[in-house]
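Please walk through this structure from its individual residues up to the contact between its chains, keeping the display at hand along the way.

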Amino acid sequence: MRSILNRLLLAIALVMSPIAFTQAQEHGHEGETAEHGETRKEGFDVGGMIMHHIKDEHGWELAHGVTIPLPVILYSPDRGLEVFSSSRLAHDQVYNGYKQIHGKIHRVDAAGNDDHEAKFYNFSITKNVASLLLSAIILLSIFPAVSRSYAKNRGKAPKGLQSFLEPIILFVRDEIAKPSIGPKYVKYLPYLLTLFFFILVNNLLGLLPGAANLTGNIAVTLVLAVITFLIVSFSGNKHYWMHIVKPTGVPWFVLPIMIPVEIVGVFMKPISLMVRLFANITAGHIIILSLLGLIFMANSLGGMTTSIAISPVVLFFTLFLNLIELLVAFLQAFIFTLLTAMYIGSAVEEHHEADHGIGFEGAEAH
Amino acid sequence: MDLLTPDLGLLFWQVVVFLGLFLILRAFAWKPITESLNERENNIQSALDLAEKTRQEMTALKADNDKLLAQARTEREAILRGAKETADKMVADSRVKAEAEGKRILEQAREAMQNERQALVAQMKKEVVTLSLDIAEKVLRKELSDKSSQEKLVNDLVSNSRLN
């Protein structure tokens with residue numbers, strides 16, 4: 001009975017998400033046309049709408065007019081730490097000498113001009129940071145609870161959430177960590193699991209209407225890629241480093257080409273990780289938003305009737321793309337984790353064969 | 001907040017939150033979970049191993065039982081055969097003995113009968129002789145009771161026995 005209810009809820013959530021998304025867009029659209037009404041008489045700024053949605057912002061705008069204010073935390077050497085609500089900066093207001101210009105906080109002087117000289121650091125809880133904290137809360141409420149149910153059901157079959165997550169944990173362990181890293185996988189499993197579920201939860205959160213585009217933000221993927229890079233570099237054994245300087249099975253005259261290629265490869269791996277996740281998630285958001293933008297473009301080009309006429313078609317495609325995005329959410333979490341595991345595997349591998357790296361060259365083509 | 005330039009604030013928070021998540025989850029989720037999973041897998045494996053071992057033990061036990069049974073059967077057969085042999089031998093022995101005894105008794109009886117018969121014959125011979133003598137005496141006495149017959153006899157005897 002419970003499982004049927006769960007399934008029903010899931011189905012409703014899946015069906016509702018693009019619809020709710022459109023509604024949010026519609027609200028946004030109304031507002032934006034009103035906002036841009038003075039500057040742009042006609043036409044709907046699809047590009048602006050899309051960029052607005054995939055970028056970070058101060059305050060969390062769920063729908064137009066419904067903005068959750070978030071704390072702005074600024075540190076400047078001359079003024080120290082300053083914390084205030086983001087609502088104080090809304091509508092181009094100047095607060096404490098700070099002003100939002102194109103979503104970015106700038107220091108302004110008394111006349112309201114941008115003060116380029118002033119140095120300050122922005123540690124604000126932006127929409128993305130809030131989403132990050134939300135995902136952390138979700139992860140911290142799910143997994144320690146699951147862990148407790150493992151302690152409670154010791155020696156028994158898994159139950160509830162535990163039995164839902166166990167196959168995924170086992171998948172990460174048996175299909176990603178074990179084959180890619182080998183016998184030393186135990187040491188790296190906690191990182192791989194954290195990585196997988198962090199990316200997965202944030203990918204899924206990003207699909208919700210009005211949510212932040214966290215895994216489609218380059219700062220987030222950069223941090224993940226850098227951590228992977230550090231782990232790979234610090235666990236690299238003699239073979240791994242020697243292979244870069246002196247690849248086995250390569251004639252000496254190719255070495256001048258191979259060594260730079262190998263050195264670039266060391267940095268290319270994390271960069272590819274960073275760009276892949278960022279680009280995949282951002283692209284997914286852009287496609288969905290572009291499709292929905294078609295409705296508003298039709299509205300501004302052909303009037304209300306056209307936009308209503310094309311809405312069912314657009315909605316169908318949006319629904320379809322949302323399902324694909326759902327798949328991509330899992331897929332990208334899987335790929336990021338798998339490649340991280342493979343890079344770690346290549347760094348800790350004890351071997352003497354000359355077929356270095358063939359294993360992950362193919363997988364990298366993603 | 002451009003698309004391709006990472007934000008300092010988000011970088012900072014991402015590092016802090018992700019590392020915090022990693023450390024907390026490692027201590028409170030991944031370690032216990034993977035340990036439980038390993039423990040359960042080991043339990044299942046050992047249960048399977050135990051079942052396999054028990055099965056093998058059962059097979060061995062069954063083989064042992066069969067062997068014991070077969071042994072008991074052959075033993076029983078041997079005992080039965082021995083008993084039968086003994087009985088047969090006893091019967092045969094007693095038959096031989098009885099036959100010999102019978103023969104001996106018969107022999108004895110025959111001997112006794114022989115003796116009796118001889119004694120009887122001897123007695124009868126004596127009796128017959130006595131009887132014949134008596135008869136002969138009586139006949140002679142009667143024949144020779146008068147003088148003429150005596151003379152006749154003597155004449156007969158003398159004529160028969162002619163002196164040459």
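A residue counts as buried if 20 or more other C-beta atoms lie within 10 Å of its own, as exposed if there are 12 or fewer, and as partly exposed in between. With that cut-off in mind, and remembering that this is a predicted model, one can begin with Phe330(A), which belongs to helix α8 of chain A, residues 255–348. Phe330(A) has 15 other C-beta atoms within 10 Å and is therefore partly exposed. Between the C-alpha atom of Phe330(A) and that of Leu319(A), eleven residues away along the chain, the separation is 17 Å.

Leu81(A) sits in strand β4, which runs over residues 80–85 of chain A, and because 10 other C-beta atoms lie within 10 Å of it, Leu81(A) is exposed. Although 40 residues of sequence separate Leu81(A) from Tyr121(A), their C-alpha atoms are 9.4 Å apart in space. Asn96(A), for its part, occupies the loop between β5 (94–95) and β6 (98–101) of chain A, where its phi is positive, at about 55 degrees, even though Asn96(A) is not a glycine. As Asn96(A) has 14 C-beta neighbours inside 10 Å, it is classed as partly exposed.

Among the contacts in chain A between residues at least 6 apart in sequence, 66% join residues that are at least 24 apart. Chain A is divided into domain 1, residues 71–124, and domain 2, residues 128–363, and the C-alpha centres of these two domains of chain A lie 35 Å apart.

Within chain A, helix α5(A) deserves a separate look. Its 23 residues reach 32 Å from the first C-alpha to the last, which is close to the 33 Å expected at 1.5 Å a residue, and yet α5(A) contains a kink of about 25 degrees centred on Tyr191(A). Of the 23 residues of α5(A), 18 are buried, so that the helix is mostly covered.

Chain B brings in a helix of another kind of exposure. Helix α1(B), residues 8–143, has 136 residues and reaches 193 Å from its first C-alpha to its last, close to the 202 Å expected at 1.5 Å a residue, and a kink of about 55 degrees in α1(B) is centred on Arg26(B). Why can α1(B) be said to lie largely in the open? The reason is that, of the 136 residues of α1(B), eleven are buried. These buried residues of α1(B) are Gly9(B), Leu10(B), Trp13(B), Gln14(B), Phe18(B), Leu21(B), Leu25(B), Ala29(B), Trp30(B), Ile33(B) and Ser36(B).

What remains is to see where the two chains meet. The buried residues of α1(B) pack against β8, α3, α4 (161–181), α5 and α6 of chain A. Taken as a whole, the contact draws 37 residues from chain A and 28 residues from chain B. On the side of chain A that touches chain B, β8 (121–122), α3 (127–152), α5 (185–207) and α6 (218–235) each supply at least two residues, and the largest share, 13 residues, comes from α3(A).

Key
Residues numbered from 1 in each chain as written. Chains lettered and ligands numbered in written order. Predicted model: local features only at pLDDT ≥ 70, side-chain atom pairs only at ≥ 80, totals over all residues. Contact = placed C-beta atoms within 7 Å. Helix = DSSP H or I, 4+ residues; strand = E, 2+ residues; numbered from the N terminus. Domains from an automatic or database assignment. Expected span 1.5 Å × (residues − 1). Bend = angle between axes of the 7 residues up to and from the residue.
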